[in-house]
Amino acid sequence: MTKGRPLFKFLAPLGLLALLLFTLACQGEIGAQGAKGDPGPKGDPGAQGIAGLKGDQGLLGPAGAKGDPGPQGVQGLVGPQGLVGPQGAAGAAGAAGKDAPIPPGGGVKSTITKVDIGADRKPVVTFSITDDKGLPLKISDLDGYPSFVLSYIKASDAGGTEYVAYTVGDATGANFIFNGQTKAPALAKVTGRPAYDTRAATIPPTVFPADHPQFKDLGKGSYTYTFTLALPETYDKNATHTIGGVVTRSTRAYVSNSILDFVPSGAPVTVTRQVVNTASCNQCHDPLALHGGTRRDTRLCVLCHTSQNVDPESGNSPEFKVMVHKIHSGRSLPSVLSDTPYYIVGFGQNVFDWSGVVWPQFGGTSGSTIGDVRTCTVCHGAPPKAGSDAATYPPVQFPSPTLSDADYAKLAPNADNWKTAPNAKACTACHDDVDPIAGVKHERQRADSCSRCHEPEGSEFGLSVVGAHTIPAKSKQLKGYKVEIVRITGAAPGQKPTVVFTAKDNSGAVVPKTAITNLSFNVKGATTDYTTAPTAALAKAAESAVLANIVDNGDGTYSYTLVNAIPADATGTWGIGIESRRQERIKGSKGADLTVNVNSYNPVAYVALTDEAAVPRRQVVATSKCNVCHGEIAFHGGSRRNTTEYCEFCHNPANVDNPAGVPAASGGPVGALPQSINFRFLIHRVHTGEELTRDYTIYRSLGSGIFNFNEILFPGDRRNCEKCHLPGTNLLPLPETIVNTVAPREPYSPLGPAASACLGCHDSQKAASHASTMTGPTTGEACTVCHGQGRDFSVTKVHNQPERAPAAKATLTARTIVDASYAAVPAEGWFWGVARIATGATEKTEDTASHGFAWVFYVVNGSAEITTDAGTKVLAAGQAAILPAGQAHTHRFAPYSEVLVFRPANKPFGEFHRGVKLYESSVLPLTVGQSYKVRVRELTLPPSTSITLTADFGYVIEGALAVTAADGKVTTKLASRAFGLPANTPQLLANAGDSLPVRLVVVDLH
C-alpha cells in the first residue's frame, strides 16, 4: 500500500457527506417540492463504452479497377530438348582458306641440303632455316644474312691431307697495342687469307633485312644463295668439297653452324678430314663458342684456319693444328718459357695472348703437375665421356660415356691422325723450339718423313708417337697403389680411434709395410658441416703416422691407432680419411731409372659418435665430374685425389688461409685479413678466375706462399651448375645443418651458407651488399624467399641462358664526394700516402702531436665514426671526411669495414691508423705556401666506356680498370688496388671487362 496523500484523497468526500447529514438533522420539516428549475449546462461527455461484437460481413461489392502488373517471377527449369529435325541440303563450297600464321618460337637451326655448280662455276647452295621446333623462319628473323665459306681437301705436302679455301681475301696489317706498347704489324699485307664469300654490292645499297639479289626465297623456310665467287676453271670436280654456313638470331643468343660434304661430280664422299669432333671440345668448353660465339663446330673452323691463314700483326699462324696446339700448351710452350709470348691479333685490333693458358689435365712424375699436355687422347682418338651422377671409389675418370666408340668414329673418322699421320707443323706447335725441317734440335728431315721414325705406337718413352707422350705417373710399368679402410674401432668422444686398412697394388697383391713411404689420417667432424678437429693444429692438416707404429695384422690388413683423440664433447657423425703414398722405379727415357711417387685415392669412412647410425656428409659434386676436364685430380703433391669427400675435411667453413705465414722469400708475412678456403667458396672463386671483379689470393706457409687465381680462364659457361654439381645440390633451400663461413677478407663475415656459395662467383660489392641485407643476425638468410625453387628468381631460372635483347648504351657517372680546402703547403717534398683499414671494431684517440697533417677518410664499405670536439660524424659507404691538422679525434670502425685513409705530407707514415699501406706517390708538383683543395670523386664506368681525367691517385673498388698512360702503356688495375696517376697529366681510364661495371675513387689536390 502506498503512503500519505492517496489515502487522504479517499477520506475527504466521506467527511463532507457526514457534515451535510448533520446539517439536515438540525433543520425543520421538509416543504413542498418547488417548480422544476431550468436545465443545467451540458456536462462533459462520458467515457467511451466497450466496443460491441463484430457483425456479419456484408455482401461482396463489385470488382475494382485492374491494378498494375507485379514483378516477374523466377524463371522455371528448362524443359527437355525436342527431337532433331532432318538434315538440310548441303550448301555451296566456300572459297579456299589460308593457313593460320604460326609465330616462330625460340632457337635457330640451319641445314645445307645441296650445292649446285653450273657453267658459270658459281656455287649455288640450297639451305633451310627453322626455329627449334622446325617451324620455318624468314631471313628477316635473323641478325643478318647467312654467311658461307667453301673449301676442298687436297693431299698435303707434309703427308696426309689438308683443307684449302676457295673463298679468300686480302688482309692489311695495322698497328696494335700489346702490353701497353704500340707495335707495328709483322706483315704489311697477307694475300689469299680465307674468308666468307663476299656478297655483291647493289645499287642502291641493300640494307638488311631488305631482299638481297643473291638470296632466293623458295618458301617454307628454304632458300638458295648464289656465290659471288666463281671457282677456278681447273677446280677438281672429284675432290671432297665442304661448305660451311653461319646463321645467328636474337643478337647471337641462338647460333647454328651448318656443314655439308659433297663431291661436285656427284660421286660419293670417300675422303674426309675430321680429326677432332666438337663433342670432344665441349667436354671443357661447354660449349665451344668463338668469334663472338658464332663458331661452334670444329668442322667449320678448319675451313678457314688453313695453311693459307696468317695473322699479319703477329706473324703467327692461325692454322688449326698449329693454333690449337699452341693455345692449349700456353704457359708450357718453350717459346713462352723463353719470354716470347704467343698471341693472335683479332677483330678490332684486340690482342688475344694465350701465353698464360694452363692445360687443366694433371700429369708429371707424381701425377700432381697441372698442365701436362701429353694427354693427347683427351681431344684425339677417344669418345668424350661425362662424369657420373654418383661418386664411386676409387673414382672412375669417365664412368658414363656420352658417345659410343662406334658413334664417335662416325663423327671423327680421322681422329687417329695424331699418331698415324704425324707432321712437323702439328708437332712443332707444342715443341716450338724444334724445327726438323731446318735441323734445329732435330736431325734435318723432309716435311713428309716424320712417320719413318715416329711410328704410331711403341715402347714407353720411345720414339713412337704414343710412346713419346708417356706420362710417368700413368706408365703401364707402375704396379699401382690402392688403400681402403676395412673398419674403425675405438671411435668415441675422448677416445683414440684405431683404423684397420689394406694397402694393395693394382693386381690385388699386398704392398709391404716397408714400401709405404707416407701415411696420414684426417679426422674431422661433424659431417653436418666439418668445423672441428682433434686439435687446433690439425684443423688444417692430417695426423702424420709414425710408420714404425703400423701394425701388420697378418691377414693382409694393417692397423694404426691415432695419437690424437676425438674431442670429448664431439657429437654426431665424424669422418676419417686416409692419404698415403708409395714409390716405384720404372724405366724412363732411354732406359734411365725414374722414381715415381704413386699416391692412393683417399678412402673415407664415417663413424657414429652420438648418432644412432653413421650419417655421411652430403655429396654435392662427384670427383668424376671434376675429372672430365682435369683428367685425374691430384692436388697437394698428388696426395689429394677424392675431392668429393676428402678435400672438404680441411676446406671447411671454419678454415682460412695464413697471410702471416707467407715465407720471407716471397715477401711475407703479408698484412692482409685471412680469407676463407671453404670448398664451396674457394672452388667458385677459382673457376670464376679472370671474370672476378676483386682480387682473390690465397696465402700459405708452404711453397711460394702466394697463390693468385685472377688469371684463371674457365673455358665453359659457369651457369651450367651441373657441369660440376650432382643434380639438385646447387638449389635452395640448403640443409639447415650447414654452418656459416668465416671470411674476414670479404665485405662482411661470417657468410651465410647460401652466400658462401653464391658470392664465390658473384664477388662484387653490390652482390655482397645484397646478400648481407637479406641476412639477419638471428634469423639467418632469406635467400629462399626469392631464389628458392619455384620462385621468380630461382637458382634454376637465373642460371639459364635467356634470350637477351641488346643492352642499352650505358653512360659513365661521376660523383664528387669531397671538394674542400686542405691546407697550405709548408715545405717541399709532399707526396701521397694511401692505406686501407679493414679490421674489426677499433677505437683510437689521435692527439694533436701525432696528428700533424690533415687526413682524409673514405669508407669503401661498412661504416666509420669520427668524434671531435665538434661532435660525432658517422660515415657510411661512399662517404668521406677531412680531419684538419692538429685536431684531436677518436675514430671507430664497424666490424669488417673497409676504409681508405690518405694524406699528402713529407714525413714517414708511422702506424698509419693500423692500416695496410697500399701506395706511396712520387713528389707532388706543389707550390710551397699555396693553399690547395682536396677533391675526392667516385666514378662508375659501365662496359665499353672510358674517361680521360687528371688526378693524383685512384683506388679500384670493384671491376677491372685499364689505365693508359701518356706514352700509350696500358696497365690493368684490379679491385682493392691503389695506383698513381701522375699529377697534371691526363690519363685514359677504361673498363677492362666485357660485362661488369668498374667503380673507383680518384683523388687530387687542385
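1. In this note, contact means heavy atoms within 4.5 Å. Helices (H or I, at least four residues) and strands (E, at least two) are DSSP runs, numbered from the N terminus. The model is predicted: local features need pLDDT of at least 70, side-chain atom pairs count only at pLDDT 80 or more, and totals for chains, interfaces and linings use all residues. Residues are numbered from 1 along each chain as its sequence is written, and side-chain values use heavy atoms, with hydrogens and water left out.

2. Helix α4 (residues 320-329) is mostly covered, with 7 of its 10 residues buried. Here buried means under 20% relative accessible area, exposed over 50%, and partly exposed in between (1.4 Å probe, protein chains only). The buried residues of α4 are F320, K321, V322, M323, K326, I327 and S329. These buried residues pack against α3 (298-304) and α8 (424-430). Just after α4, G330 has a positive phi of about 45°.

3. The structure contains 25 aromatic pairs. Rings of Phe, Tyr and Trp (its six-membered ring) pair if their centres lie within 6.5 Å; planes under 30 degrees apart count as stacked, over 60 as edge-to-face and the rest as tilted. The pair F352 and W354 is stacked, because the ring centres are 6.2 Å apart and the planes are at 15°. F352 is partly exposed, at a relative accessible area of 39%.

4. Y530 and F649 form a tilted pair, since their ring centres are 4.8 Å apart and their planes stand at 45°. This pair links distant parts of the chain, 119 residues apart: Y530 belongs to the loop between β21 (516-525) and β22 (543-544), and F649 to helix α11 (residues 647-650). Y530 is buried, with a relative accessible area of 1%, and F649 is buried as well, at 0% relative accessibility.

5. One aromatic cluster is formed by F127, Y145, F148, F208, F215, Y223, Y225 and F227. Elsewhere, the charged end of R903 sits over the ring of W855, 5.2 Å from its centre. A charge sits over a ring if NZ of Lys or CZ of Arg is within 6 Å of the ring centre and within 35 degrees of the ring normal.

6. An open sheet of 4 strands, with antiparallel pairing, has the order β4-β3-β11-β12. Two strands pair if DSSP finds at least two bridges between them. At the edges stand β4 (161-165) and β12 (254-262), each with a single partner strand, so one side of each is left without a neighbour in the sheet. Strand β11 (residues 241-249) and β12 run antiparallel and are joined by 9 bridges; T248 stands opposite V255 in β12.

7. A further open sheet of 4 strands has the order β19-β20-β24-β23, again with antiparallel pairing. Its edges are β19 (482-489) and β23 (551-552); each has a single partner strand, so one side of each lacks a neighbour in the sheet. Antiparallel to β19 runs strand β20 (residues 498-504), with 7 bridges joining the two. R487 stands opposite V500 in β20.

8. Strand β44 (residues 953-958) is largely enclosed by the rest of the structure, because 6 of its 6 residues are buried. β44 pairs in the antiparallel sense with strand β47 (residues 977-980) over 4 bridges, where F979 is the bridge partner of G954. β44 also pairs in the antiparallel sense with strand β49 (residues 998-1005), over 5 bridges; in β49, V1001 is the bridge partner of Y955.
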